[in-house]
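Please look through the briefing below with the sequence and the structure side by side. It begins with a question and then goes through the topics in turn.

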Amino acid sequence: MTRQIEATLIPGDGIGPEITKAVTAILDHMGAPFKWDVQQAGMAGVDAAGVPLPQATLDSIHRTKLALKGPLTTPVGGGFKSINLQLRQEFELYANVRPTKTIKKNGRFDGIDMVIFRENLEGYYIADEGYIEHNGDPEGKVYSTGYNTKTEARRIARAAFEYAVANGRKKVSIVHKANILKLLSGMFLEEARDVAKEYDGRIEYDERIVDACAMQMVMYPEAFDVIVTTNLFGDILSDLAAGLIGGLGLAPGANIGEDAAIFEAVHGSAPDIAGKGLANPCAFLMAAGMMLEHVGRVDDAKRLRQAVIDTVQSGDGATPDLGGTGNTTTLADAIISRL
C-alpha cells in the first residue's frame, strides 16, 4: 500500500462540509492518499474556538505543510481580517495558481486552457488603509497604499516560467498597468521582463496592459496560455477566466509557498444552498487533484481529473449548476464509477 501523506483538512463553512464529505469519499476510493488532520476555520472556527482562525489550525498546517481548504466565511465587522489573507501571509504563500480549462460542452467558449499566476503577498492586498481629514470631515478622504518588491516580482515571474517549462506550455503573458502606475506596476514589468530573458528560446512571452487583457480574454481566450501578474489584477482576471468556462464551480486554486501549500475551491460558502445536498464538489475535487500533483502523485492526479471531465461532459448525476437534476452524492458517485 502506498504511504499516506499527512495533510490538514479544513471543511469550512456553508456547503464546505458537504463537498468535503464527497471529496474525501472519492479520494478514499482511490486508496486514501492523505491522512487527514481535520481542523476548523471561518465561522466553524468561531464555533469551535471563538476565533475564525484558531491556533490549532495554524499549528496543524505548520506541522503538515499541506492543506486542503473548503470555502470560509469571514465574520462581518469587529475588525476581522480576511482568513485567506492571513493564511497566505502566515505561510508566505507567494503564488496563487489558478488553472482554467474548458470542461463543459456547448458552452460559450471552447478550447480554453490557461493558467494564471497571481502574486499573493504584496500589491494593494497589504490593505494599508486609513482616513485623512478633508473639508472639515476627519474621515472625508480615505487612502489605500500598495507596494511591490523586486524580490517577489522575480519570484512569481520565475514560478510562472518554470511552470511553463515543466508543463510543456508555449507562452507566458506578463500583465501590468505600467502605463499609469509607472512605479508600482512598472517595476513588476521590468523584473518580469528580466526573468523572461532567462527562458529565451524555450518560452515565448508577451506583455499586456490589464484592461486590454481583460477584453482580449473574452474576445479570443485561446490566445492565452500562462499569465503572470500582480495581486489585485490576478484576483480579477482569475474570476473572469472562471466565468469563461461556466463559473467558479469548476475552478480550483492553489496557494504555494517555499515551505507550505494550501489548495482550495475558490468559490464561496453558498449559504443559500447549504444543507440541501445540491453543492457541486468538482472545484474542490480538482483542487485535491492539484494537491496530488504537488506531492508527486501525478498519475493519480491525471486519473482524478479525467474522471471529473468525463463525468461533467456526460451529465451523469450532474448538480443544478451543471445543468442537471442530481445532487452532491449522485455527482460524487458518478465520478467514483469512472475511477
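In which loop is the place of Ala270? Ala270 sits in the loop between β12 (261-265) and α9, where helices (H or I, at least four residues) and strands (E, at least two) are DSSP runs numbered from the N terminus. This is a predicted model, in which local features need pLDDT of at least 70 and side-chain atom pairs count only at pLDDT 80 or more, while totals for chains, interfaces and linings use all residues. Residues are numbered from 1 along each chain as its sequence is written, and side-chain values use heavy atoms, with hydrogens and water left out.

**Backbone angles**

- Ala270 has a phi near 45°, a positive value in a residue other than glycine, and at 22% relative accessibility Ala270 counts as partly exposed; here buried means under 20% relative accessible area, exposed means over 50%, and partly exposed lies in between (1.4 Å probe, protein chains only).
- Ala127, which is found in strand β6 (residues 123-134), has a phi near 55°, again a positive value in a residue other than glycine, and Ala127 is partly exposed at 44% relative accessibility.

**Salt bridges**

- The structure holds 23 salt bridges, a salt bridge being a side-chain nitrogen of Lys or Arg within 4 Å of a carboxyl oxygen of Asp or Glu.
- One of them joins the side chains of Asp194 and Arg154 (3.8 Å, N to O); because Asp194 lies in helix α6 (residues 184-197) and Arg154 in helix α5 (residues 150-166), the pair ties together parts that are 40 residues apart in sequence.
- Asp194 is partly exposed, with a relative accessible area of 32%, and Arg154 is partly exposed with 25%.
- A network of salt bridges links Arg154, Arg158, Glu191, Asp194, Lys197 and Glu198.
- Lys171 and Asp206 form a salt bridge in which the closest N and O atoms are 3.5 Å apart, and this pair links distant parts of the chain, with Lys171 in strand β8 (residues 171-176) and Asp206 in strand β9 (residues 204-209), 35 residues apart.
- Lys171 is buried, with a relative accessible area of 12%, and Asp206 counts as buried at 17% relative accessibility.
- Glu293 and Arg305 form a salt bridge with their closest N and O atoms 3.6 Å apart; Glu293 lies in helix α9 (residues 282-294) and Arg305 in helix α10 (residues 298-314), so the pair ties together parts that are 12 residues apart in sequence.
- Glu293 is partly exposed, with a relative accessible area of 33%, and Arg305 is partly exposed at 29% relative accessibility.

**Cysteines**

- A search of the whole structure finds 0 disulfides, a disulfide being a pair of cysteine sulfur atoms within 2.5 Å.
- Cys213 counts as buried at 0% relative accessibility, and Cys282 is buried with a relative accessible area of 0%.

**A residue pair and its distance**

- Asp333 is found in helix α11 (residues 328-338) and counts as partly exposed at 45% relative accessibility.
- Between Asp333 and Ile61 there are 272 residues in sequence separation and 30 Å in space, taken from C-alpha to C-alpha.
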